[in-house]
Amino acid sequence: MYSQGLIGADTQTDEDETFLAAFQKRIDAEEKIEPNDPMPAGYRKTLVRQISQHAHSEVVGMLPEGNWITRAPSLKRKAALLAKVQDEGGHGLYLYSAAETLGVSRDEMNAELLAGRAKYSSIFNYPTLTWADIGAIGWLVDGAAIMNQIALCRCSYGPYSRAMIRICKEESFHQRQGYEIMLVLARGTEEQKEMAQDALNRWWWPSLMMFGPSDADSAHSDQSMKWKIKRFSNDNLRQKFVNATVPQGHFLGLEFPDPGLKWNEEKQGYDFGEIDWDEFWRVVKGDGPMNRDRMATRRKDWADGEWVREAAMAYAEKRKARTQAAKIAAE
Ligand code: 3HC
């Protein structure tokens with residue numbers, strides 16, 4: 001899938017029990033693993049998988065929101081949405097850089113995505129039908145991302161955890177501007193309140209799916225938790241998100257599309273209905289409402305951007321040659 005270990009010390013084989021035990025000792029001691037540290041091939045591989053897919057999600061996530069930049073209802077809303085979409089692009093570049101420290105190139109990561117072998121978050125395969133969707137995305141999707149990413153700030157892999165700290169600062173602005181859009185609509189005309197309710201109805205369950213399959217069906221959680229890439233399980237973060245978000249929705253005066261949602265005094269959290277896992281896996285496997293559009297756009301954008309990448313590389317080569325020539329001249 002990817003070229004292995006181009007950067008940093010030789011990747012140890014996973015069979016080396018002594019090395020694995022020493023590595024786990026570092027993880028258990030809460031040490032940060034850095035690019036040049038020896039690491040198990042499996043640790044490197046799952047980080048490339050997760051960080052590159054996280055980066056793909058950020059870039060693909062620009063598409064549903066970008067659809068509303070020219071349709072924003074005011075200059076203020078347009079400016080905030082422009083800033084948010086630009087942030088998401090920056091998050092993607094930041095995360096590709098973090099993944100590159102593991103010895104994989106950006107071209108390789110993009111080739112995996114465009115060939116359909118790498119994923120991006122299922123949430124971005126739903127259409128943005130009304131302006132209220134932009135509020136629901138900021139409030140729910142970025143809210144869910146924050147819940148997940150705050151935990152990733154404590155990931156054992158240094159470059160990923162540091163990228164998360166910067167990204168989380170910007171995510172909180174994203175979530176707040178989304179919630180403010182929902183507040184204005186929910187306090188607006190009947191039609192605006194209906195638009196906000198419709199958006200909640202369509203985005204609530206896909207937002208819960210962002211946290212991944214149930215713990216019982218999570219292929220990577222056990223090992224990722226052991227290596228402290230993940231600090232909480234999928235279900236645990238999902239529950240935290242529900243507990244934090246339901247009161248916000250009630251403050252808006254909106255109803256959640258889940259008859260099973262009710263406060264459970266004993267567990268001090270909300271019980272909620274069963275997620276439609278058929279829908280989840282259908283969307284993850286490429287058969288969601290917008291999967292084909294998103295991939296077609298990413299393929300076209302990648303092709304259209306080739307001249308920019310070539311020009312940037314040509315300029316970088318020229319600059320490097322000029323610097324070397326100047327160095328020789330100065331000797
Ligand atoms: N969409 C697509 N694929 C998903 C998924 C989802 N919502 N949830 C899980 N999967 C995939 C996993 O990638 C894995 O497939 P793979 O082996 O091909 O990678 C499979 O389903 C099994 O899931 P696991 O729970 O075993 O996988 P993980 O341990 O990797 O957990 C995760 C899934 C919680 C999404 C984890 O990968 C993670 O925390 N990733 C980083 C955060 C991230 O990517 N968030 C996506 C949204 S980014 C965003 O919202 C930007 C914001 O600014 C708007």
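Tutor: Thr 130 caps the N-terminal end of H6. A side-chain oxygen of Thr 130 sits 3.1 Å from the backbone nitrogen of Ala 132. That falls under the polar contact rule: a pair of N or O atoms within 3.5 Å, where within protein one must be able to donate a hydrogen and the other to accept it, and residues adjacent in sequence count only if both atoms are side-chain atoms. The model is predicted, so local features need pLDDT of at least 70, side-chain atom pairs count only at pLDDT 80 or more, and totals for chains, interfaces and linings use all residues. Numbering runs from 1 along each chain as its sequence is written, and side-chain values use heavy atoms, with hydrogens and water left out.

H6 covers 131–152. Helices here are DSSP runs (H or I, at least four residues), numbered from the N terminus. H6 has 22 residues and spans 30 Å from its first C-alpha to its last, close to the 32 Å expected at 1.5 Å a residue. The expected span is 1.5 Å times one less than the number of residues. H6 also bends, by about 35° at Ile 137. The bend is the angle between axes fitted to the seven residues ending at a residue and the seven starting there.

H6 is mostly covered, with 19 of its 22 residues buried. Buried means under 20% relative accessible area, exposed over 50%, partly exposed in between (1.4 Å probe, protein chains only).

Now the largest pocket. H6 gives the most to its lining, nine residues. H2 (41–60), H4 (75–100), H7 (158–186), H10 (234–252) and H11 (277–284) are among the helices that each supply at least two. The volume of this pocket is about 1100 Å³. In all, 45 residues line the largest pocket, and the closest to its centre are Gln 53, Ser 121, Met 210, Phe 211 and Gly 212. A pocket is an open set of points on a 1 Å grid over the protein atoms alone, where a 1.4 Å probe fits, with protein on both sides within 12 Å along at least five of seven lines; lining residues have an atom within 4 Å of a point. Grid points are joined across faces, edges and corners, and a volume is the space filled by probe spheres set on the points. By class, the lining has 19 nonpolar, 15 polar and 11 charged residues. Ala, Val, Leu, Ile, Met, Phe, Trp, Tyr, Cys and Pro count as nonpolar, Asp, Glu, Lys and Arg as charged, and the others, Gly among them, as polar.

The second largest pocket holds about 470 Å³. Of its 15 lining residues, Leu 93, Arg 106, Asn 110, Trp 302 and Arg 309 are the closest to the centre. H4, H5 (106–114), H12 (291–304) and H13 (306–330) each supply at least two residues of that lining. The classes there are seven nonpolar, three polar and five charged.

Ile 150 and Lys 169 are 19 residues apart in sequence and 9.7 Å apart in space, C-alpha to C-alpha. Lys 169 is in H7. Lys 169 counts as exposed because its relative accessibility is 60%.
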